[in-house]
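Here is a short report for a first look at this structure. Keep the sequence and the 3D view at hand while reading.

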Amino acid sequence: MKKYKLPFILLLFIVFQPSSVRAQEAAWRNLFNGKDLSGWKELNGKHIWEVKDGMIIGRTVPGQPNGFLCTEEDFGDFVLELEVSIDTLMNNSGIQFRSQSYPEFKNGRVHGYQMEVDPKPQQWSGAIYEEGAERGWIYPPEKMSQAAKDTFIRDNKKGYQWNHYRIEAVGPIMRTWINGVPVSHLVDDRYLKGFIGLQLHANNENDPQGSFSIRFRNIRIQQGDLSLSPLNDGVNVVNLLSNSSIQLNKSPNKSLRIVQDIDASSMAVYSESSPKPILTQMAKPDERPYIHPIVAPDGNGILTEYRPDHHPHQTGIYWGLKRVNERDYFMQWNKDYWRGVSATVIEGKGGKVKWQTVYDMLDENGKTLMVETQNWTMQQVNDTYIMDLEWKGEAKADVVMGKFYVGGLFIRMPWIPETVGEIISASGHQGMELEGNRAIWSDIGIKLDGREDFAHIAIFDHPSNKAFPTPWRVDSQMGMGPSRQILGDWKIAAGESETIRYRMLVYNGEMGKAKLVETWKDFYRGN
């Protein structure tokens, strides 16, 4: 985890860049300039790499092991496209992604995911192999459809036959296409970030001998506002998210109870181990609902803040949308925008408690534009809170949430200029790097007064959400939340509704990336 403590003015500059800059960062970027190998380096074998006629040409040197021309830059979530042409007599090749190389592992052996480039009649192109490690085929060729196998074009007497390759890698989800035909869909989390590499596979003893070539061109990548393809592409899914021994829900839940105070418009959650509330849901009739305060699971410190001077519209954990038919429900929390309908305890006692708030979002004439329902579930496992939110928006008129850098679930933890904090994400982005980027989960932690360790709130995105994996907003005072609106206009037609799900983990100390990944897996599986 990377701690950051940047000057306030510098953070403002980083966060509030013009939208045109953000758009440029999200656009396609060429990884190969067509002239030389700037930004690339060779690893492992010593083969011949050259640039000619806008192509990277790799030619094998007999006797050398597999070689890789690799980007100097690492990538987490991305969409990669390139064109490949390979000599028919070469053993095979591949496109490495999220790959690693370091001296401690097999003396620098390149290892990671590889999308196969196979010129042989066996038709394995597009399957996914774990290069340099023990698992081998992780999306094996036998999972491919016949249409996927048939789409790869082999070289013939007419010259080079180019094949268009596409890889989408977002969180643990990886998918491949060749010539527009979907080939594979893999779910795995062993490698979440790494370099991209072009393989030169040495021919084996039984293969034709000599020097053979492979050619690459039009290599480009997209990050940030990703143009992802539909998930329901009919391809077989291989899910390697294993059942792990690191699961929070294996421990017995502590008994919780909810006490509702109608006069105070609040619902307070108590734990069996605490005489005071550990969490309070506020649901006033003429203000946006919010959760504050949340007491650290060990009782030492408050993890949320009430309307700080730097962001007076923010309190604790809340949901606020921007530009809803050009109305701002993120910064506006009062009666002209919100009208309480109900606040209900659904399950008030036990290992899991549930409550619900329902609010009308009002238009400029005081009429209901959309009905917002928040269903909350809370558990306490050891010294960790697990909180699930199911948000539902039911449109009473055609509703458009306009593109903006923030909008949706948001967390306001205590912050002053001297605050030391840390943010990590599944995508590998840390701190302010996360702004505008997609990740399946992100974790924010700060050092509270009176604590030596960090207090954390992590948010986990669910695959059923239409924007999954959702981009993230991070502000200069370490406020954080997923924001679908970063991707562009989002619409709900009159009479229709949409449901969005998130999980939050509240804890102190060091959870570690492995447990955060396991928590996301539990959420993904419905545990």
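## A buried ring pair

This is a predicted model. Start with Trp-338. Its relative accessible area is 1%, so it counts as buried, the cut-off being under 20%. Tyr-329 is buried too, with a relative accessible area of 0%.

How do the rings of Tyr-329 and Trp-338 sit relative to each other? Their centres are 5.7 Å apart and their planes stand at 90°, so the pair is edge-to-face.

## Aromatic pairs across the chain

In total, the count comes to 20 aromatic pairs. One of them joins Tyr-113 and Tyr-191. The two ring centres lie 5.1 Å apart, and the planes meet at 90°, so this pair is edge-to-face. It links distant parts of the chain, 78 residues apart. Tyr-113 belongs to strand S9 (residues 111-117). Tyr-191 sits in the loop between strand S14 (181-187) and strand S15 (194-200).

Both partners are buried. Tyr-113 has a relative accessible area of 0%, and Tyr-191 has 8%. These two tyrosines also belong to one aromatic cluster with Phe-78 and Phe-97.

Why is strand S8 described as largely enclosed by the rest of the structure? Of its 8 residues (93-100), 7 are buried, so the description follows from that count.

S8 pairs with S9 in the antiparallel sense, over 6 bridges. Phe-97 has Tyr-113 in S9 as its bridge partner. Phe-97 and Tyr-113 are also both members of the aromatic cluster. S8 pairs with S15 as well, again antiparallel, over 3 bridges. There, Ile-95 has Leu-198 in S15 as its bridge partner.

## Strand S32, covered on both faces

Strand S32 (residues 455-461) has 7 of its 7 residues buried, so it is largely enclosed by the rest of the structure. In a regular strand, side chains alternate between the two faces of the sheet. Both faces of S32 are covered. On one side, Ala-455, Ile-457, Ile-459 and Asp-461 are buried. On the other, His-456, Ala-458 and Phe-460 are buried.

Which strands pair with S32? Strand S31 (residues 441-446) pairs with it in the antiparallel sense over 6 bridges. Ile-446 has Ala-455 in S32 as its bridge partner. Strand S36 (residues 497-508) runs antiparallel to S32 and is joined to it by 7 bridges. Here the bridge partner of His-456 is Tyr-507 in S36.

## Arginines over rings

Two arginines lie over aromatic faces. Arg-215 is placed over the face of Tyr-160, at 3.9 Å from the ring centre. Arg-217 is placed over the face of Trp-162, also at 3.9 Å from the ring centre.

## Two buried loop residues

His-313 lies in the loop between strand S21 (290-294) and strand S22 (317-320). Is His-313 buried or exposed? It is buried, with a relative accessible area of 8%. Leaving aside residues up to four places away in sequence, His-313 touches Arg-288, Tyr-318, Phe-330, Met-331 and Trp-333.

Ile-486 is found in the loop between strand S34 (480-482) and strand S35 (490-492). It is buried, with a relative accessible area of 12%. How far apart are Ile-486 and His-111? They are separated by 375 residues in sequence and by 34 Å in space, C-alpha to C-alpha.

Methods
Residues are numbered from 1 along each chain as its sequence is written. This is a predicted model: local features need pLDDT of at least 70, side-chain atom pairs count only at pLDDT 80 or more; totals for chains, interfaces and linings use all residues. Side-chain values use heavy atoms; hydrogens and water are left out. Rings of Phe, Tyr and Trp (its six-membered ring) pair if their centres lie within 6.5 Å; planes under 30 degrees apart count as stacked, over 60 as edge-to-face and the rest as tilted. Helices (H or I, at least four residues) and strands (E, at least two) are DSSP runs, numbered from the N terminus. Buried means under 20% relative accessible area, exposed over 50%, partly exposed in between (1.4 Å probe, protein chains only). A charge sits over a ring if NZ of Lys or CZ of Arg is within 6 Å of the ring centre and within 35 degrees of the ring normal. Two strands pair if DSSP finds at least two bridges between them. Contact means heavy atoms within 4.5 Å.
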